[in-house]
Amino acid sequence: MREVSIISKIAKTVKKLIEGGYVIDIPESAEGIDGHIVSYVDKESRLAEQYKVLRTDFYFLSPEKPLKTVVITSSQPEEGKTITACNLAVSITLDANKKVVLIDGDLKRASVHRIFNIKRKPGFVDLLEGTVDPEYFFKEPVIENLYVIPAGTLSENPSEKLNTEKIYTVLDKFKKNCDYLIFDSPPVLDATDASILGTLCDGVLLVVKANVTPKKSIKEAMEHLNNAHVKPKGCILTNVKARLAYDYYYHKEA
Ligand SMILES: Nc1ncnc2c1ncn2[C@@H]1O[C@H](COP(=O)(O)OP(=O)(O)O)[C@@H](O)[C@H]1O
Ligand SMILES: [Mg+2]
């Protein structure tokens, strides 16, 4: 990990709220990033460069137990979870041919399929119901080395599906067939899904939208995760506006 990094003032506040973990600033794209994955279509942009920094930091975030499986979550909707999960996944696959499985675990507000322009079903729910096999999703990558599992068929109580034994078999199968498995997930304050997924994975990264997510929500999300014995490995601070130099300062990593 970089010994010294430049982070925004708000990142320092967030660092305290998440009890000292890793924090990275992701800049806001003024022109918006809907409809494309910046790490793929605009590789030289500042935004894509910062996702590359996130990727490299991610490799070393947990030296004692590398994060092979990770959940990207946040306290509230519309904070950038999906965009972060997709860009992290793409950024890893573009690096040294690493094989990544990206799963849309936000079963109610599924959106990963739209970003990659693929069908929503079959997907994760169907895997958990046993109506499709994991092999189905390894037939064709969406881009080289990236296998995307959309949310799947809509069901009455999708969250209940996560509480079945089947999820262990499904995740084991994927883990054996990839280098990294990344989950997009619903907001922590909306459902227990992200906490459940967190207990099944090696780590959780909390997305916070700069100047938008209330501190109270971050604290509450931390409480929810802690209740499930999940401690986020770090925070991805999104939509950080370009600031004047005096608003940044050097921060020594612990
Ligand atoms: N760095 C960024 N710059 C500009 N817009 C962003 C950035 N990150 C996310 N967005 C936009 O914010 C909105 C919410 O992002 P999304 O990833 O769908 O949030 P969530 O999954 O948390 O609901 C989307 O319209 C997305 O394009
Ligand atoms: Mg989302």
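Predicted model: local features only at pLDDT ≥ 70, side-chain atom pairs only at ≥ 80, totals over all residues.
Modeller: Residues are numbered from 1 along each chain as its sequence is written, while chains are lettered from A and ligands numbered from 1 in the order in which they are written.

Biologist: Is isoleucine 92 buried or exposed?

Modeller: The rule counts other C-beta atoms within 10 Å of a residue's own, again placed from the backbone: 20 or more is buried, 12 or fewer is exposed, and in between is partly exposed. Isoleucine 92 has 26, so it is buried. In the protein chain, 43% of the 254 residues count as buried.

Biologist: Which helix is isoleucine 92 found in?

Modeller: Helix H4. Helices (H or I, at least four residues) and strands (E, at least two) are DSSP runs, numbered from the N terminus. The protein chain has 10 helices and nine strands.

Biologist: How do I read the sheet, and in what order do its seven strands come?

Modeller: Look for pairs: two strands pair if DSSP finds at least two bridges between them. Here the order is E2-E8-E7-E3-E6-E4-E5, an open sheet with parallel pairing. Strands E2 (22–27) and E5 (146–149) stand at the edges with a single partner strand each, so one side of each has no neighbour in the sheet. Further in, E3 (residues 69–74) and E6 (residues 180–184) run parallel and are joined by four bridges. Valine 70 stands opposite isoleucine 182 in E6.

Biologist: And ligand 1: how many residues surround it?

Modeller: A residue is near a molecule if its C-beta atom, placed from the backbone, lies within 6 Å of it. By that rule 17 residues surround ligand 1, the closest being Ser29, Gly80, Lys81, Thr82 and Ile83. Helix H4 (81–93) and strand E8 (234–240) are the elements that give two or more residues to this shell. H4 has the largest share, three residues.
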